Amino acid sequence: MPINPSVPDYELAETVELTTVEQVRAISDPLRTTILGLLHERAATVTELATAVGRPKSTVAHHVKVLADAGILQVVRTRRVRAIEERFYGRAARMFYVGLGRQDGQLPPDFNDFEVAAGESKPAYDAGQLRSFIRHARIPEERAAEFWQRVDQLIHEFDRLPRAGDTTYGFTVGLYPMTGYPTLPPAEDEDQAPPPPA
């Protein structure tokens, strides 16, 4: 299979902030998430997308329209096929993120990347092919922000990988504050001897 050196094959912004519930809801549907994933590789028509996901063209056209109306997809080129103008859709950005500046202050209740990843990764888990880690660290908020910037760079690197091979891999990351996690008491001064027994 040939390797595409430019992924995807159209111009797009690096990041776009999603600030409305409608935008976040648009990317939270599993089929629309799959469509966005396919368009990471190259621009595609509704017909091509419908063939790829094995769904009726009318269904895929509806989902593409939802994404386009939300500003998440855009027409990146067209071509004339007989008397019909065929539209090729692409992502508006390489990466979308839910912004802290979202206008209405809340997310739709069904938005959860980890829930999606849990469903997608179950067959890999059952086959012993799931690679995952979970770690906890008590760190200042500034350090958490610095660490997330490094993770963000890795995500962008993953998005730019040339498409080749026969297997698609999922990559999920998260960083979240925890409440109620056990914390050790402050360490005693090791230079001080413990008090004598009573």
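A salt bridge here is a side-chain nitrogen of Lys or Arg within 4 Å of a carboxyl oxygen of Asp or Glu. A search of the whole structure finds 8 of them.

Before you start: this is a predicted model, where local features need pLDDT of at least 70, side-chain atom pairs count only at pLDDT 80 or more, and totals for chains, interfaces and linings use all residues. Residues are numbered from 1 along each chain as its sequence is written, and side-chain values use heavy atoms, with hydrogens and water left out.

**Stop one.** Select E48 and R42. Their side chains form a salt bridge, 3.2 Å from N to O. E48 is partly exposed at 27% relative accessibility (buried is under 20% relative accessible area, exposed over 50%, partly exposed in between; 1.4 Å probe, protein chains only). R42 is partly exposed too, at 36%.

**Stop two.** Go to helix α4, residues 57-69 (helices are DSSP runs of H or I, at least four residues, numbered from the N terminus). Select D69 and K65: their salt bridge spans 2.7 Å, N to O. The two sit 4 residues apart, so about one helical turn separates them. D69 is exposed, at 58%.

**Stop three.** Move to helix α6, residues 141-159. E146 and R143 lie there, 3 residues apart, about one turn. Their closest N and O atoms are 3.5 Å apart, in a salt bridge. E146 is partly exposed, at 43%. Now select E14, R94 and R160: salt bridges that share partners join them into one network.

**Last stop.** Stay with helix α6 and pick L154. L154 is partly exposed because its relative accessibility is 44%.
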